[in-house]
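I opened this notebook to keep track of what I looked up. The entries follow the order of my searches.

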Amino acid sequence: MALSANLYLRQSQSLVMTPQLMQSIQLLQMTHLELTQFIAQEVEKNPLLEIPSSDDDNSGDDAYSGGNESSADTDHADGDVAAPSLASDWYEGGKGDTLDDRLDANFGEAYADEASPGRADAPELIGQWKSMPGATSGDGFDLDDFVAGQTSLRDHLLQQLPFAITNSGDRLIALTLIDQLDEAGYLRADIGEAVERFGTTSSHIEDVLNTLQTLDPPGVFARTLSECLAIQLKLRDRLDPAMRALVDNLELLAKRDFTTLKRLCGVDEEDLIDMLGEIRKLNPKPGSGFEATISEAVIPDIIVRAGRDGGWIVELNPDVLPRVLINQSYLVEVSKKGTSRGADQAFLSDCLQNANWLTRSLDQRAKTIAKVASEIVRQQDAFLRLGVDHLRPLNLKAVADGIKMHESTVSRVTTNKYILTPRGLFELKYFFSVSISSADDGDAHSAEAVRHRIRQLISQESPEAVLSDDDIVLTLKRGGVDLARRTVAKYREAMNIPSSVQRRREKRAIAKVSAG
């Protein structure tokens, strides 16, 4: 058969991933902070975009205030008795009378020595207050500007260093060791590297370290948890041989193996309980009181509140909605002047096209988030009304089918988005959980609801009747949840709940301490 070239006409449909479409997809999964940074970059590149300021939003405040005054006057006119004006009656007087004359008193003579300096200082203090950051015209100042700065762990140690170490060479070693502390106050330095760096002996480094371990907070510069507790006990003069044996065997304490601990420490049960009480008073992370970073509060993207008709009102949080506008006046002004070069016209056209695309993408993003959140609220209505025990099993496909969208879109929307409900603040991913079959062929149960039941059962158990994993399986089965023992053990370990043997030892020890 001879080979030949032929020409065929074929029609097909395909989705082309343009750069703008890819950015629209990325906008869905951006957090509020990431979206704010992205918009700021676009505004910097595009002269037609602008972020409205608070002054633009409050441009109608004066008219609004005037309207309030007019309505207030109208109310007084319509009423039987008008409300008295404090300013006109007492301060201005209305007939030239002073406050002293109206009260039959002379405050100028009674407080002559004190009034004069006050009159001179008050304007100066007011001026200083108004000149502070955030106190524009005396209004709208930010209290965060007046909050004292937090002292870091390094600064706190540097304040004590001149009193603890006077030798300049030892102080240089101490500064190096301070710089190698972690946030919990533990030393992560290698003594061998310090010996090579300073050309000294390991005993010299250890002497400097022993001095640093006497600084505040107690337990700082420890290399292990045992050493941290030992330093604190030593400063309290409680590091006897029995306590030393206890801190050297913390792994047995974690396992609640009190029988072996009594034998190693050489004490009876009552003394061991007293020792455990002292261990609980110690701080395993001495540097935790000095936060290196400021904790930021989570701002919800969606707010859910109960409606008057018994349903739920789902709305986007206006505080996190991105605000960007197209400067139409600037566009008209530039267009009127005209551009002689084709490159300028092309640049202006591209800027207008990108600006329109960005505003449409942000609007579509807000609508998509609201649509997904509304569907999740509809699916989890029982959770919002009755609590976590009634959380339904839910997956991305169920939400996607309900709003006629793709699962990947729902996944992007629910990533790093938070919703404020009457039950608290949750990440949208919280409402998606695995389905667990029912023991009586009823409705399936959510994995999160089952974990909550396990947590409740364990918290309500007594020292004499600690539930094993098999007991929990039977209790859940009577409640209509069919769960295997290994699944119960997996959920329990994921919630950092010890085994029944360890819980029994701990509860008995706590009961004896309470009884004593």
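**Entry 1: salt bridges**

I looked up D469 and found it in a salt bridge with R492, the closest N and O atoms being 3.1 Å apart. A salt bridge here is a side-chain nitrogen of Lys or Arg within 4 Å of a carboxyl oxygen of Asp or Glu. Helices are DSSP runs (H or I, at least four residues), as are strands (E, at least two), numbered from the N terminus.

I noted that this is a predicted model, where local features need pLDDT of at least 70, side-chain atom pairs count only at pLDDT 80 or more, and totals for chains, interfaces and linings use all residues. Residues are numbered from 1 along each chain as its sequence is written, and side-chain values use heavy atoms, with hydrogens and water left out.

Are D469 and R492 buried or exposed? D469 is buried at 9% relative accessible area, and R492 is buried at 7%. Buried means under 20% relative accessible area, exposed over 50%, and partly exposed in between (1.4 Å probe, protein chains only).

I then checked R485 and D470, whose side chains meet in a salt bridge at 3.3 Å, N to O. This pair also joins helix α25, which holds R485, to helix α24, which holds D470, 15 residues apart. R485 is partly exposed at 45%, and D470 is partly exposed at 43%.

Next I looked at E461, which forms a salt bridge with R503 at 2.6 Å between the closest N and O atoms. E461 sits in the loop between α23 (447–459) and α24 (469–478), while R503 is in helix α26, 42 residues apart. E461 is buried at 9%, as is R503 at 4%. My search of the whole structure gave 17 salt bridges.

**Entry 2: backbone angles**

Which peptide bond is cis, with omega near 5°? I found the one from D216 to P217. P217 lies in the loop between α12 (202–212) and α13.

I also looked up D237, which has a positive phi near 60° and is not a glycine. D237 is in the loop between α13 and α14 and is exposed at 70% relative accessibility. N496 has a positive phi of about 60° as well, although it is not a glycine. I located N496 in the loop between α25 (485–494) and α26 (500–515), and N496 is exposed, with a relative accessible area of 70%.
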